[in-house]
Amino acid sequence: MVETGWDDGTAARLLATAVDNVQRNYPVHWTHVIPDDAALVPQRVLHPVFAGSLDWHSCVHQAWLAVRLLRLRPDLPGADAARAALEALITPEGCEVEAEFFRGPQGGYWERPYGWAWLLVLDAELRTWGSPLAAPLRPLAEVLRERFLAWLGSARLPVRTGTHGNTAFALGLVLDAARAVGDEELAAACAAAALRWHREDVGYGGFEPSAGDFLSPALTEADLVRRVLPPAEFTRWFEAFLPALEEARWKVLREPVPVDQPDDPYGSHLVGLALSRAWQWQAIAAALPAGHRYAELAAVAAGAHREAGWRYVFGHGYFAEHWLGTFAAYLHLGAC
């Protein structure tokens, strides 16, 4: 993806927000299975690295956001403080505690697949940058890599939701991360699962969006499939998957969804939906042949969603700001 339309002030604001989020213990959203009173411990006891930013997965991808910005814009205002904060969090001792949790009984499913995917993206970002923080994170990344491979080998069906459980979204992130670090085994497993789950999909008939979506099931699937099929084959697949895309039926995909309550936790999801649709339409437009009847439609839709999403990235409270910066940055900067 190409960076457009940013200035250092916006990037510095995203960096400052991310760094504040990853260090912030409360409010916290716990999702653990608690077997007894002894297990009722603060989140930072179980997860000394990724306890901030409301929940584990948001803390992981806000850490990625800080790393990505520091990598691409090392002289941003606040960069030194951000580096110090990350170094204090991503320690060998803390990462080993995190890794031990994921080796345990809850580690086979907790935060799967969304949190796992973002952790592997963070790992790939640090490794391709050559950051010294890559080494302490490796034990945790290795555990989740093995967990991800085992899960892919046994998962018969995809999850086609518009939220965290969406398997196509996780596969796309992990596939890109695996390719970035040259992990051929993981990349091949992701590509095989993508084709096993989606190659034969035709005539998409879902009704979207749902009120809490931050992903489009249709576009997320297409954004994954364009990663694993040759361009001509992807074009044929896309035409069969979303036929008559220009008709009124698909106005709900082409145009942004109104956001009535951006400070509401689920209202902020619709802001994320605009941002994720923007990068997915953008990628689909680039994957189609020049002059294809859907290419211009996709490019126009990407622009409309980009504008709609950015309107709400800042200034709408913690339930929005603990995560939306990641999607805004990913739209412009991609990963790895």
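Helix H5 (residues 92-103) holds both glutamate 100 and arginine 103, which sit three residues apart, about one turn of the helix. In this predicted model, the two residues form a salt bridge, with their closest N and O atoms 2.8 Å apart. Glutamate 100 is partly exposed, at a relative accessible area of 46%, and arginine 103 also counts as partly exposed, at 40%.

A pair in helix H10 (residues 217-228) has a spacing of four residues: arginine 227 and aspartate 223 are separated by about one helical turn. Their side chains form a salt bridge, and both residues are buried.

Arginine 145 and glutamate 146 also meet in a salt bridge. Arginine 145 counts as buried because its relative accessibility, 13%, is under 20%. Glutamate 146, at 42%, counts as partly exposed.

| Salt bridge | Closest N and O atoms |
|---|---|
| Glutamate 100 and arginine 103 | 2.8 Å |
| Arginine 227 and aspartate 223 | 3.2 Å |

The structure holds 20 salt bridges. A network of them links Asp123, Arg127, Arg138 and Glu142.

The largest pocket contains about 360 Å³ of space. It is lined by 21 residues, of which His29, Leu54, Asp55, His57 and His164 are the closest to its centre. Helix H3 (56-72) and helix H13 (265-287) are the elements that contribute two or more residues to this lining. By class, the lining of the largest pocket consists of nine nonpolar, ten polar and two charged residues.

Key. Residues numbered from 1 in each chain as written. Predicted model: local features only at pLDDT ≥ 70, side-chain atom pairs only at ≥ 80, totals over all residues. Heavy atoms only, no water. 1 Å grid on protein atoms, 1.4 Å probe; cavity = no way out; pocket = protein on both sides within 12 Å on 5 of 7 lines; lining within 4 Å. Points joined across faces, edges and corners; volume = space filled by probe spheres on them. Nonpolar A, V, L, I, M, F, W, Y, C, P; charged D, E, K, R; others polar. Salt bridge = Lys/Arg side-chain N within 4 Å of Asp/Glu carboxyl O. Buried < 20%, exposed > 50% of the residue type's maximum accessible area, 1.4 Å probe, protein only.
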